[in-house]
Amino acid sequence: MPHSTQPVLTGRCYCGATTFTTTQEPQVVSYCHCEDCRRATGGPVAAFAAFEEGDVNFEPDEGHEVTVTPGVTRTFCASCGSSLTGRYDYLPDQVYISLGVIDQANELAPEMHSHAASRLTWLHIHDDLEQLPTSARSKLKTGVE
């Protein structure tokens with residue numbers, strides 16, 4: 001099936017200096033409860049949508065790149081610092097975009113919880129999604145078991 005040329009999803013950072021479009025639906029959408037993702041996003045739980053690396057176009061670029069945890073590279077808007085993406089060596093050829101910066105986030109319900117064993121004890125998300133105690137890397141890569 002050929003790729004559409006019309007944006008399916010759009011988004012922007014807090015200040016609007018960085019925008020992005022994609023012509024593809026996410027491969028998978030997931031919560032992540034790990035401390036690394038919480039610190040990067042500033043929230044009690046992170047939520048990301050995964051896309052094939054070449055399917056997302058950032059304007060003017062992805063901003064500032066930061067690597068704190070080996071094998072994990074994150075980008076942030078160079079102007080306002082919004083968390084934009086995460087790339088993980090163990091999930092090659094994918095880019096994970098923070099749900100909070102996607103304009104259509106309301107249409108992208110998470111499909112699972114990654115690192116559920118690291119969930120903050122006071123955080124209660126009542127859903128029937130699979131709660132993976134650690135990394136969901138095999139499911140994140142394909143979106144299926």
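Modeller: Two strands pair if DSSP finds at least two bridges between them. Keep in mind that this model is predicted.

Colleague: In E9, which residue is the bridge partner of Ala 49?

Modeller: Start with the strands. E4 and strand E9, residues 94-98, pair in the antiparallel sense over five bridges. Within E9, Ala 49 has as its bridge partner Ile 97.

Colleague: Which residue in E4 stands opposite Cys 32?

Modeller: Look at strand E3, residues 28-32. E3 and E4 run antiparallel, joined by five bridges. In E4, the residue opposite Cys 32 is Ala 46.

Colleague: How many residues of strand E4 are buried?

Modeller: Buried means under 20% relative accessible area. Strand E4 spans residues 46-52 and is mostly covered. Of its seven residues, the number buried is six.

Colleague: What is the order of the eight strands in the open sheet?

Modeller: The pairing in this sheet is mixed. E4 has E9 on one side and E3 on the other. Read across, the order is E6-E7-E8-E9-E4-E3-E10-E11.

Colleague: Which are the edge strands?

Modeller: An edge strand here pairs on one side only. That holds for the strand at 64-66 and the strand at 130-131. They are E6 and E11.

Colleague: In E8, which residue is the bridge partner of Thr 73?

Modeller: Strand E7 covers residues 72-76, and strand E8 covers residues 83-88. The two pair in the antiparallel sense, over five bridges. In E8, Thr 73 is partnered by Arg 87.

Colleague: On to the rings. Is the pair of Phe 20 and Phe 58 stacked, edge-to-face or tilted?

Modeller: This is one of three aromatic pairs in the structure. The ring centres lie 5.5 Å apart, and the planes meet at 45°. Under 30 degrees would count as stacked, over 60 as edge-to-face. With planes at 45°, the pair is therefore tilted.

Colleague: How many residues apart in sequence are the parts that this pair of Phe 20 and Phe 58 ties together?

Modeller: Both Phe 20 and Phe 58 are buried. Phe 20 lies in strand E2, residues 19-22, while Phe 58 lies in strand E5, residues 56-59. So the pair ties together parts whose separation in residues is 38.

Colleague: Does Tyr 90 count as buried, exposed or partly exposed?

Modeller: Exposed needs over 50% relative accessible area, and buried needs under 20%. Tyr 88 is buried, at 8%. Tyr 90 has 35% relative accessibility, so Tyr 90 counts as partly exposed.

Colleague: Which residues do ring pairs link into a cluster?

Modeller: Take the rings of Tyr 88 and Tyr 90. Their centres are 5.8 Å apart and their planes are at 40°, so the pair is tilted. The cluster linked by ring pairs is Tyr 88, Tyr 90 and Tyr 96.

How values were computed:
Residues are numbered from 1 along each chain as its sequence is written. This is a predicted model: local features need pLDDT of at least 70, side-chain atom pairs count only at pLDDT 80 or more; totals for chains, interfaces and linings use all residues. Side-chain values use heavy atoms; hydrogens and water are left out. Buried means under 20% relative accessible area, exposed over 50%, partly exposed in between (1.4 Å probe, protein chains only). Helices (H or I, at least four residues) and strands (E, at least two) are DSSP runs, numbered from the N terminus. Rings of Phe, Tyr and Trp (its six-membered ring) pair if their centres lie within 6.5 Å; planes under 30 degrees apart count as stacked, over 60 as edge-to-face and the rest as tilted.
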